[in-house]
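Subject: Structure handover and notes on its salt bridges

Dear colleague,

I am passing on the structure below, together with some notes on charged side chains that pair up in it. Please read the notes with the structure open beside them.

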Amino acid sequence: MRCPYCKANNDRVIDSRTSGEADVIRRRRECLECKGRFTTYEKVGETPLRVVKKDGAREPFERDKLLRSMELACQKRPISTDVLENIATDIEARLHEMFEKEVASKYVGHLVMEALRELDQVAYVRFASVYREFKDVNQFLDELKPLLDRAGPGGKEAPPVRAKDVKDAAPPAAPTPPRPNDKPAGSPHGAAQP
């Protein structure tokens with residue numbers, strides 16, 4: 001390592017420490033020529049992963065973009081941000097393990113859909129409707145069919161509650177009978193108005 005003071009390339013390491021997550025090593029060095037001390041940092045060189053879009057364009061993989069797309073699909077669903085963070089971290093790790101330089105956006109979308117299918121069916125359908133770019137209702141229904149078949153008649157998912165069911169199930173509220181000390185409405189003295 002070249003000394004920042006005298007530019008000599010002759011030094012020795014006097015101390016080494018790893019960072020909190022052990023992804024960087026901090027080394028304290030001493031130049032053997034001028035006795036100046038300086039610090040260097042060593043980390044594994046990573047080739048940034050690029051995503052190949054449907055039109056062939058390439059862009060850097062962005063974990064935040066992946067997370068935002070899942071957050072949109074999960075809006076107003078009972079899913080914590082921590083759960084989505086963990087899914088994004090898991091997907092990113094899998095991509096780096098499987099691909100060295102480039103990955104098709106189709107495969108990234110497949111991993112997200114796989115995770116959302118297990119997490120929340122509504123979020124899954126929302127994501128799929130944008131990601132798959134359905135051309136008509138039949139394509140949308142084809143995507144829903146496996147979910148509906150999986151739930152089945154004895155499945156854990158309850159059928160949706162319809163307004164008609166609620167209206168028919170609840171009898172109209174009966175008026176409460178007047179209490180002995182109640183005064184008729186509209187009368188300051190309790191006498192009925194003509």
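A residue is called buried when its relative accessible area is under 20%, exposed when that area is over 50%, and partly exposed in between, with a 1.4 Å probe and protein chains only. Please keep in mind that this is a predicted model, in which local features need pLDDT of at least 70 and side-chain atom pairs count only at pLDDT 80 or more, while totals for chains, interfaces and linings use all residues. Residues are numbered from 1 along each chain as its sequence is written, and side-chain values use heavy atoms, with hydrogens and water left out.

The notes concern salt bridges, a salt bridge being a side-chain nitrogen of Lys or Arg within 4 Å of a carboxyl oxygen of Asp or Glu. By this rule, the count is 13 salt bridges.

Two of the pairs involve strands, and here helices (H or I, at least four residues) and strands (E, at least two) are DSSP runs, numbered from the N terminus. Arg29 forms a salt bridge with Asp11, and their closest N and O atoms are 3.0 Å apart. This pair links distant parts of the chain, since Arg29 belongs to strand β2 (residues 24-31) and Asp11 to strand β1 (residues 11-18), 18 residues apart. Both Arg29 and Asp11 are buried.

Arg26 and Asp15 also meet through their side chains in a salt bridge, at 4.0 Å from N to O. Here again distant parts of the chain are linked, with Arg26 in strand β2 and Asp15 in strand β1, eleven residues apart. Arg26 counts as partly exposed because its relative accessibility is 29%, and Asp15 is likewise partly exposed, at 26%.

Arg94 is partly exposed at 28%, and Glu114 counts as partly exposed because its relative accessibility is 33%.

Leaving aside neighbours within four places in sequence, Glu30 is in contact (heavy atoms within 4.5 Å) with residues including Asn10, Ile14 and Lys35.
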